[in-house]
Amino acid sequence: MSEQSVDKRDKVDKVDTKDPSKNAEKGTKGKKKGNNSKVKVIGCVCAAIEFVLSVFFIYFAISTKVVPMKYALIAGIVLGIFPILVVLMQMSKKTGIVGIVLSVIIMAIVGYGIYLVRHTNKALDTVTGTTTEITVVNVYVKKTDPANSINEAVDGKYKFGILKVSEREKVNETVHEIENTHSTTLDIKEYNSIFEIVSALDSGEIKAFICSAAFVSALDGSEEYQHYSEGLKVIMEKKVETEVKVEEKKEEKPKEAGTFCMYISGIDTFGSVQTKSRSDVNIIAVVNRNTRQILLVTTPRDFYVPLSISEGSPDKLTHAGIYGIEVSMETLEMVYDIDLDYYFRMNFSGFIDIIDALDGIDVYSQYSFSTRMQYDSYHYDSGVNHLSGRAALAFARERHSFGDGDFQRGRNQMAVIKGVIEAMESSQLLKNFASVMEELSESFETNMSKDELGEIVQEQLEATKDWNILSYEVLGTPDMKVCFTGGGNASVVVPNWDSVEYIKGVMNRVLNGEVLTQEELTENSPK
């Protein structure tokens with residue numbers, strides 16, 4: 001054996017015979033180095049994921065069109081710093097784990113932010129740029145009628161009533177569909193009004209009738225046939241979608257840049273906000289973005305004026321909505337001699353789910369009163385009431401409990417809107433944000449584009465001056481008059497034309513940049 005081999009063996013033996021604890025220490029150091037490497041890798045991966053999530057968050061925030069670019073840039077810089085910080089923290093074994101924990105926390109926050117922003121974006125896409133409307137045409141029979149489908153009515157050779165004029169094209173489509181499907185010809189009788197139709201149904205002259213659901217809703221609002229629909233049964237439903245045509249006007253005196261007028265309509269219906277129905281809330285918002293002033297003009301739902309399609313025959317303003325939102329807009333343009341640029345429509349009954357998602361709202365009532373809606377009864381005390389969705393809707397619809405019925409109903413509706421806004425400004429919104437956004441998309445719509453709405457919101461976020469919001473309720477006198485829709489007597493509000501002329505002048509003053517106060521507006525108003 002060579003000396004070199006002996007030396008090597010001796011060296012091995014020396015190593016093997018050293019203190020075992022020192023050998024263990026060397027192994028531990030190796031493991032620590034391995035663990036530190038794993039921590040660094042995990043930290044860098046977390047930083048990369050955090051960076052990607054931050055990019056997505058900024059992208060989705062910008063796509064909402066409501067976030068100013070400078071805010072998005074600031075958020076991008078701040079969120080971009082964190083991944084760099086996490087990577088730098090991996091350079092030291094003492095801060096590596098802390099960096100990973102920080103990254104996970106930021107990822108959770110940004111991930112939740114993406115979730116909220118995407119729901120907001122989806123709601124805005126649904127709400128804005130809407131230019132269609134739905135007419136629901138139903139076939140009705142008495143609730144006690146044995147027929148539960150159109151097949152049974154056709155087989156039973158029922159006689160059907162229809163209106164001579166109103167929504168006739170869409171009713172004809174429904175009639176043709178039934179006749180083609182069943183290879184038959186329906187026995188049809190025409191009537192001048194919905195009142196004549198239900199009278200014929202009650203007398204047995206007809207066994208069914210075909211008409212727009214909006215007319216049955218109007219029937220429920222009449223003095224003689226309140227809640228009449230509760231005794232009816234729908235055996236067939238047909239939805240017809242039509243385009244809302246809000247034509248651009250060539251104004252003699254174009255509006256100043258930064259000004260516009262919007263019609264805010266609250267429709268009285270369940271289901272889709274696009275469904276044609278009576279308009280219970282009729283507000284014109286005159287907006288001057290230059291002076292930061294908004295004038296809200298409320299017109300009573302029963303205002304007795306000619307509709308744009310009634311050839312001079314007066315009717316309740318609320319009935320204009322039966323023929324489409326463009327008829328409501330045209331009618332108000334005739335009354336106030338003003339051009340309406342946009343509409344914003346809200347489904348009041350859609351508030352039910354929104355309010356329930358907010359765990360109810362607080363609403364102030366000027367009076368104690370009781371009311372019923374369908375099969376439920378409700379009582380309200382004078383003062384603040386915490387209301388569920390259905391209770392809030394019943395509160396907003398009641399008018400018979402008040403001396404100035406239609407006017408008080410308008411005030412109550414504004415109180416409900418205020419209650420919703422206040423709840424959405426509180427922590428209640430964050431608790432159920434996704435569900436509230438989903439319900440908002442089902443309950444609101446506007447023909448204003450997403451870009452136009454975003455521009456206004458961005459302007460609001462960057463503004464240093466608060467809005468000066470004025471409100472005015474046009475005056476009138478309750479009465480009973482014959483209405484174009486239906487042809488029968490109904491409770492109406494006969495306009496105080498001095499009040500109308502006064503607010504017409506105020507609208508022009510706001511559009512022309514004059515700054516007014518609420519006190520001045522109220523004091524100078526006709527009494």
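Is Thr446 buried or exposed? In this predicted model, Thr446 is buried, with a relative accessible area of 3%. The residue belongs to strand β16, which stands at one edge of an open sheet of 6 strands.

**Thr446 and its surroundings**
- Thr446 counts as buried because its relative accessible area of 3% falls under 20%.
- The side chain of Thr446 reaches the backbone nitrogen of Met448 at a distance of 3.1 Å.
- Apart from neighbours within four places in sequence, Thr446 is in contact with Val127, Thr128, Gly129, Thr130, Met262, Tyr343 and Phe344.

- Strands of a sheet pair through backbone hydrogen bonds, either parallel or antiparallel.
- The 6 strands of this open sheet follow the order β16-β11-β6-β7-β8-β17, and their pairing is mixed.
- At the edges are β16 (444-446) and β17 (468-473); each has a single partner strand, so one side of each lacks a neighbour in the sheet.
- From one strand to the next, the twist averages 20 degrees.
- Strand β8, residues 293-298, pairs with β17 in the parallel sense over 6 bridges.
- Opposite Leu470 in β17 stands Leu295.

**Helix α11 and its cover**
- The buried residues of α11 are Gly389, Ala391, Ala392, Leu393, Ala394, Phe395 and Ala396.
- Their cover includes the helices α10 (351-357) and α12 (405-424).
- Strands also contribute to this cover, including β12 (361-365), β13 (369-373), β14 (376-380) and β15 (383-387).

**Packing of α11 against α12**
- Two packed helices are described by the angle between their axes and the distance between the axes.
- The axes of α11 and α12 come within 7 Å and cross at roughly 150 degrees.
- This crossing angle is over 145 degrees, which means that α11 is roughly antiparallel to α12.
- On the α11 side, the contact is made by Ala392, Phe395, Ala396 and Arg397.
- On the α12 side, the contact involves Arg409, Asn412, Gln413, Ala415 and Val416.

**Cysteines**
- A disulfide is a covalent bond between the sulfur atoms of two cysteines.
- With a cut-off of 2.5 Å between cysteine sulfur atoms, the model has 0 disulfides.
- Cys211 is buried, at a relative accessible area of 1%.
- Cys261 also counts as buried, with 0% relative accessibility.

How values were computed:
Residues are numbered from 1 along each chain as its sequence is written. This is a predicted model: local features need pLDDT of at least 70, side-chain atom pairs count only at pLDDT 80 or more; totals for chains, interfaces and linings use all residues. Side-chain values use heavy atoms; hydrogens and water are left out. Buried means under 20% relative accessible area, exposed over 50%, partly exposed in between (1.4 Å probe, protein chains only). Two strands pair if DSSP finds at least two bridges between them. Helices (H or I, at least four residues) and strands (E, at least two) are DSSP runs, numbered from the N terminus. Axes are lines fitted to C-alpha atoms, for helices over the stretch in contact, and angles run from 0 to 180 degrees between N-to-C directions. Contact means heavy atoms within 4.5 Å. A polar contact is a pair of N or O atoms within 3.5 Å; within protein, one must be able to donate a hydrogen and the other to accept it, and residues adjacent in sequence count only if both atoms are side-chain atoms. Angles under 35 degrees count as roughly parallel, over 145 as roughly antiparallel, 65 to 115 as roughly perpendicular and the rest as oblique.
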